Amino acid sequence: MSKKDSEGYLSEVFSSIQGEGGIVRGSCFGKRQIFVRFSGCNLAEGDSGYIGCIWCDSPCAQKLESLKFKYEENPGSQKLINSNNHVGIEEIIRIIKNLITPDLHSISFTGGEPLYQPDFVLNLSKALKGTRIKYPLYLETNGTIILDNSQMKQLATYFKYCCCDIKDLSSKVAPLDPWKNLVITELDFIRNMVKYGTETFAKLVVTSQTQLHNIRWISKELSKITYSDGQVVGLAIQPVYLESKELKDKYSISTAHLNNIFYTAAEFLPSESLTLSIQAHKYLKLL
Ligand code: SF4
C-alpha cells in the first residue's frame with residue numbers, strides 16, 4: 001500500500017453508544033461502538049450545487065481537508081484531544097485499540113461521508129481485518145457516491161452492517177429533479193449492499209415538511225429490496241432533531257404527521273421492516 005493510500009482525513013474518533021436505527025435488521029441501536037468520523041461530504045461541498053442537509057449534526061466533518069482531528073484517549077471520558085490530519089491507518093488502529101471496552105459491539109464508520117474517501121475506507125477496513133480487532137464494521141453513509149462493482153463487493157465483504165441515509169426532499173440538500181436522482185442512487189446502493197450480503201437498512205429523517213407522496217414512493221421502492229430469505233429491507237423513520245429555535249419552529253414534526261408517515265410507509269412495508277429511530281445519544285448528552 002502506498003503512503004497516499006494509507007492516509008486520509010478524519011474528524012473524530014471516540015467511543016459511545018449507537019443512538020440511532022431503532023429495531024430493524026442491520027441496526028446496532030443501543031450497542032457500544034467506536035465511532036470513526038471521516039471528513040468530507042459530497043453533499044456539502046460537491047460541485048453539483050448541493051448545500052448540505054439542514055439538520056446536519058456534524059458540520060465540522062463537512063470539509064475534507066481539515067487540519068485537525070480529535071480523538072478520545074480514554075473510552076467514556078468524553079474528552080477529546082487534538083491531533084493533526086491527515087492521519088495514517090496505523091495511528092487510527094492504535095487509537096481504536098485504546099478505546100476497546102468489554103461491552104464493545106462494533107466499529108462505526110461515519111461522517112461526513114466516509115465514502116468520499118473510498119480507498120481510505122477500504123484500506124482501513126482491510127487493515128482492521130488483518131489485526132486482532134475482530135469486531136464487526138458498521139457503515140453510515142448517504143449512499144450517493146457511486147462505486148464500481150469491485151469496490152461495492154469489497155465494501156460489502158468488510159461491513160457487516162450498513163445504515164444508508166435516504167435524504168428527504170425537506171433536507172433541502174437539492175432541488176426536486178437532482179433530489180430524485182439522489183434517492184434513486186441511494187436505493188441502488190442499498191440494493192447492492194443487500195445483494196452482496198451486508199445487513200443494510202434505510203434511515204429517513206422526516207420533518208413537518210415531509211410529503212406523504214415521497215414517503216409512498218420511497219417505501220414502494222424499498223419494498224422491492226429483499227434479503228435472500230425473503231425479508232424486506234428495513235426503514236428507520238427518524239423525526240428531525242434540531243437545536244436552533246428558528247429551525248425547530250419550522251421543521252419539528254407533529255405527532256399526527258409522524259403517524260401519517262408511518263401509516264403511509266406501511267402501505268408497502270411490513271411492520272417488521274418499519275421502526276422509529278431517535279437520536280438517543282443527543283438526549284443522553286453522549287458523544
Ligand atoms: S450528508 Fe451527512 S454530513 Fe453531509 S451534509 Fe448531510 S447530514 Fe451533513
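This is a predicted model: local features need pLDDT of at least 70, side-chain atom pairs count only at pLDDT 80 or more; totals for chains, interfaces and linings use all residues.
Residues are numbered from 1 along each chain as its sequence is written.

The ligand is surrounded by 13 residues, the closest being Cys41, Ala44, Gly52, Cys53 and Cys56; a residue is near a molecule if its C-beta atom, placed from the backbone, lies within 6 Å of it. The shell comprises six nonpolar, six polar and one charged residues (nonpolar: Ala, Val, Leu, Ile, Met, Phe, Trp, Tyr, Cys and Pro; charged: Asp, Glu, Lys and Arg; polar: the others, Gly among them).

Helices are DSSP runs (H or I, at least four residues) numbered from the N terminus. Helix 2 (residues 89–98) packs against helix 3 (residues 118–129) at about 55°, with the axes 10 Å apart. Axes are lines fitted to C-alpha atoms over the stretch in contact, and angles run from 0 to 180 degrees between N-to-C directions. The crossing of helix 2 and helix 3 is right-handed (the near helix is turned clockwise from the far one by less than a right angle). Ile89, Ile92 and Ile93 of helix 2 meet Asn123, Leu124, Ala127 and Leu128 of helix 3, contact requiring C-beta atoms, placed from the backbone, within 7 Å. Six of these residues are nonpolar, one is polar and none is charged.

Helix 6 (residues 212–223) and helix 8 (residues 255–265) pack at about 35°, with axes 9 Å apart, and their crossing is right-handed. Leu212, Ile215, Arg216 and Ser219 of helix 6 contact Asn260, Ile261, Thr264 and Ala265 of helix 8. This contact has four nonpolar, three polar and one charged residues.

Methods: Helices (H or I, at least four residues) and strands (E, at least two) are DSSP runs, numbered from the N terminus. Two residues are in contact if their C-beta atoms, placed from the backbone, lie within 7 Å.
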